[in-house]
Amino acid sequence: MEPPLDRIHLSQTAKDQLIKLKRTTKIDQWNILCRWAFCRSLAEPAIPTSVAIPADSNVEMTWRVFGGELSDILAIALKQRCYNDGLGTDKETLATQFRLHLHRGIGYLSGDPNIKKIDDLIELALPK
């Protein structure tokens, strides 16, 4: 499946939040933490607030690096979420929504006081 964007550029705020998450979870790869963040945001029922997100950090990755083996599944999940939210599924909408979900998810994870180790991320994914 065609990715919503080729290159992902993070904001400086997101980079700082990911550094904190790297320290607490001991997960060293940006892309893995970004996948967790993206999925965390997709799990939230509300549509992310439309805000301008600067690409002002030196952290960037390709879609394939971000998604790894799950890149097609993550692209489909984004497209389905946009459809469910009544948004368009054109490439520009998908790219915008991806950035909003990614940055919102990074904020959620870094702001969660219960995330102190990798097991806490896994706990988030398990049904209650």
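**View 1. A nonpolar patch at the surface brings together Ile 118, Ile 122 and Leu 126.** Patches here are built from residues with over 30% relative accessible area and no salt bridge; nonpolar side chains (Val, Leu, Ile, Met, Phe, Trp, Tyr) are joined within 5 Å, and like charges within 9 Å. Ile 118 belongs to helix H6 (residues 118–125); helices (H or I, at least four residues) and strands (E, at least two) are DSSP runs numbered from the N terminus. Ile 118 has 39% relative accessibility, so it counts as partly exposed; buried means under 20% relative accessible area, exposed over 50%, and partly exposed in between (1.4 Å probe, protein chains only).

A quick note for all views: this is a predicted model, in which local features need pLDDT of at least 70 and side-chain atom pairs count only at pLDDT 80 or more, while totals for chains, interfaces and linings use all residues. Residues are numbered from 1 along each chain as its sequence is written, and side-chain values use heavy atoms, leaving out hydrogens and water.

**View 2. Helix H1 (residues 12–25) crosses helix H5 (residues 91–111).** Their axes come within 9 Å and cross at roughly 40 degrees; axes are lines fitted to C-alpha atoms, for helices over the stretch in contact, with angles running from 0 to 180 degrees between N-to-C directions. That angle makes H1 oblique to H5, since under 35 degrees counts as roughly parallel, over 145 as roughly antiparallel, 65 to 115 as roughly perpendicular and the rest as oblique.

**View 3. Lys 91 and Glu 2 pair in a salt bridge, 2.8 Å from N to O.** Lys 91 sits in helix H5 and Glu 2 in the segment before strand E1 (7–9), so the pair ties together parts that are 89 residues apart in sequence. A salt bridge is a side-chain nitrogen of Lys or Arg within 4 Å of a carboxyl oxygen of Asp or Glu, and the whole structure has six. Lys 91 is partly exposed at 38% relative accessibility, and Glu 2 is exposed at 56%.

**View 4. Arg 7 meets Glu 60 in a salt bridge of 2.6 Å, N to O.** Arg 7 in strand E1 and Glu 60 in strand E2 (residues 60–62) are 53 residues apart. Arg 7 is partly exposed at 40%, as is Glu 60 at 39%.

**View 5. Asp 85 and Arg 81 form a salt bridge.** Their closest N and O atoms are 2.7 Å apart, and both residues are buried.

Methods: Accessible areas come from the Shrake-Rupley method with a 1.4 Å probe; for residues, only the protein chains shown count as cover.
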